[in-house]
Amino acid sequence: MKHVTIKDIARSLCISVSTVSRALTDDKNIRKETREMVVEEAKRLGYKRNPVAMNLKMGRTNTIGVIVPEMHTPYASQVINGIQEVLYKKNQKVMIAESDEKPERELENLKMMEQFMVDGLIVSLCSYRKNIEMYQQLAADGMAIVFFDRIPYGLKMPQVVVDDNVDSYFMVEHLIRLGRKRIVYLQGPDDIYNAYQRGLGYREAMEKFHLFDPSLIEKTGMTFKDGADAIDRLICNKVEFDAVFAFTDTLAIGAQNRLRVLGKRVPEEIFVAGFSGTELSTIVSPQITTMEPPLEEMGRKAAELVMEKINNPEMEDRQVVLKTTMQCRESTGE
């Protein structure tokens, strides 16, 4: 469908484009009769103002880009709900892209956002080691960038996170106080910084009670299958364990499903706990104990930070740390 432009109006009335533009923006130097004539012709031709072009003239697109590593689980969608809640009220458009846990696709998304001239970015990283130079370049060029959940280690930019180390420590300590001594940690990929941080919390709790054993740490991927495969490897290697603490609820669900297929009873024989707090943990049986971040609040805070950065580029790059809630459920006998 062809869009009517101010050039079309100018051509129809045999006047200049600049006269049409000034008439449509209520320039006081345009005669009333000319303004009325231009407005009437614009209506007749079906002209509609192009907000993108108008915003660009003002140096903004009123568009915020959001890049998430995956949208297969409700985690990202709940954060996005919080982002949209804030930004829509501020008349901002939201452009969403998924990286599918691939840094190379994340880079493509970044280049697309740059091409569309978004005013700001809200990002959860695939890898805290990759694409850092691109983020630094965009920030140096004046783009407001806020990271949430998965953050770049050592890069000073606004962030919204939970305390992965401390919260994981509390979860593992809770399992120990429930009587578990051989607690497996299903650790996500090394490139994800909060997988590493949750691993530190796990280790600190296990060492405090003199229970740490390196064979209980199983590095794995991010899918349900990865959680199931990790259980198979543990059993194949004859690692004895009485509880599983997983980096995410997705891994915890995959592990729990595999344990049940193998005839292991949850929670009678083995406890299972995760860290994500989406509804996925409540639609399996038994329901899974998890650390629950305030996901929509995370999105709202990220949106507020990016707007602050857009309106005041010199503002301090601060980190907002949100509190999680431990949800105790049947998978740990509660």
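Visitor: What makes S1 and S2 a pair of strands?

Guide: In this predicted model, six bridges join strand S1 (residues 63–68) to S2 in the parallel sense. Two strands pair if DSSP finds at least two bridges between them, so S1 and S2 qualify. One of the bridges can be located by its residues: Ile64 has Val94 in S2 as its bridge partner.

Visitor: Which strands and helix does H6 touch where it packs on the sheet, and what is its direction relative to S2?

Guide: Helix H6 (residues 103–115) touches S1, S2 and strand S3 (120–123). The direction of H6 makes about 155° with that of S2.

Visitor: In what order do the six strands of the open sheet stand?

Guide: The order is S2-S1-S3-S4-S5-S11, with parallel pairing.

Visitor: Why are strand S2 and strand S11 said to stand at the edges?

Guide: Strand S2 (93–98) and strand S11 (319–322) each have a single partner strand, so one side of each has no neighbour in the sheet. On average, neighbouring strands of this sheet are turned by 15° against each other, direction ignored.

Visitor: How do you know that S9 is mostly covered?

Guide: Buried means under 20% relative accessible area, and five of the five residues of strand S9 (residues 271–275) are buried, so the strand counts as mostly covered. In a regular strand, side chains alternate between the two faces of the sheet. On one side of S9 are Phe271, Ala273 and Phe275, on the other Val272 and Gly274, and all are buried.

Visitor: What joins S9 to strand S8 and to strand S10?

Guide: S9 runs parallel to strand S8 (residues 243–246), with three bridges between them; in S9, Phe271 is the bridge partner of Ala243. From S8 the chain passes through helix H11 (residues 249–261) to S9, a right-handed β-α-β crossover. S9 also pairs with strand S10 (residues 289–292) in the parallel sense, over three bridges, and Ala273 has Thr289 in S10 as its bridge partner.

Visitor: Which residues of the largest nonpolar core touch the most other members?

Guide: This core has 70 residues, and those touching the most other members are Ile122, Val160, Ile183, Phe241, Val244 and Phe245. Helix H12 (residues 295–311) gives the most to the core, with eight residues.

Visitor: What is Ile183 in contact with, leaving aside its neighbours within four places in sequence?

Guide: The contacts of Ile183 include Val172, Leu175, Tyr202, Met206, Ala243 and Phe245.

Conventions:
Residues are numbered from 1 along each chain as its sequence is written. This is a predicted model: local features need pLDDT of at least 70, side-chain atom pairs count only at pLDDT 80 or more; totals for chains, interfaces and linings use all residues. Side-chain values use heavy atoms; hydrogens and water are left out. Buried means under 20% relative accessible area, exposed over 50%, partly exposed in between (1.4 Å probe, protein chains only). Helices (H or I, at least four residues) and strands (E, at least two) are DSSP runs, numbered from the N terminus. A crossover is right-handed if, with the strands pointing away from the viewer, the path from the first strand over the helix to the second runs clockwise. Axes are lines fitted to C-alpha atoms, for helices over the stretch in contact, and angles run from 0 to 180 degrees between N-to-C directions. Contact means heavy atoms within 4.5 Å. A nonpolar core is a set of buried Ala, Val, Leu, Ile, Met, Phe, Trp, Tyr and Cys residues joined through side-chain atoms within 4.5 Å.
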